[in-house]
Amino acid sequence: MHNLGFALDGAWRVLLAGLILGAGLPVLFALGIRSLAWGAGGNAEVHDSGVTGPTPRPIGTVLGWACFVVVLLGVVLGITFIVASGFGKALSFEHVYPMIVNK
């Protein structure tokens, strides 16, 4: 009966990691693109008709770039995990930041 508990425990962890990395990073990237568009004021081109365009929002630009930094960190962490396991090492999260340690 314990084997079923172990299997279910492992299954929800794999599901959670798949949702975060498989769907979470692309959603965060899309939110970054959307934030940059919102930060630029929506319609960012110059109007020839004399009508002023929407006002830019700097907080949108900052939020967009913050989303991109988080996505980039996720990609770098994934590549680090793959390379470390290829060299027979492991990625440890015992400290605040990830470290490569011997297995």
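Helix H2 gives the most to the lining of the largest pocket, with four residues. This is a predicted model: local features need pLDDT of at least 70, side-chain atom pairs count only at pLDDT 80 or more, and totals for chains, interfaces and linings use all residues. Residues are numbered from 1 along each chain as its sequence is written, and side-chain values use heavy atoms, without hydrogens and water.

**Overall build**
- The protein has two helices and two strands (DSSP runs: helices are H or I, at least four residues; strands are E, at least two; numbered from the N terminus).
- From the N terminus, the order is α-α-β-β.
- Of the 103 residues, 13% count as buried (under 20% relative accessible area, 1.4 Å probe, protein chains only).

**The largest pocket**
- Its volume is about 180 Å³ (the space filled by probe spheres set on grid points joined across faces, edges and corners).
- A pocket is an open set of points on a 1 Å grid over the protein atoms alone, where a 1.4 Å probe fits, with protein on both sides within 12 Å along at least five of seven lines.
- Lining residues have an atom within 4 Å of a point; here they include Leu21, Gly74 and Phe93.
- H1 and H2 (58-86) each supply at least two of the lining residues.
- The lining has six nonpolar residues, two polar and no charged (Gly counts as polar, Leu and Phe as nonpolar).

**Trp12**
- Trp12 is found in helix H1 (residues 2-39).
- Trp12 is partly exposed, with a relative accessible area of 46% (partly exposed lies between buried, under 20%, and exposed, over 50%).
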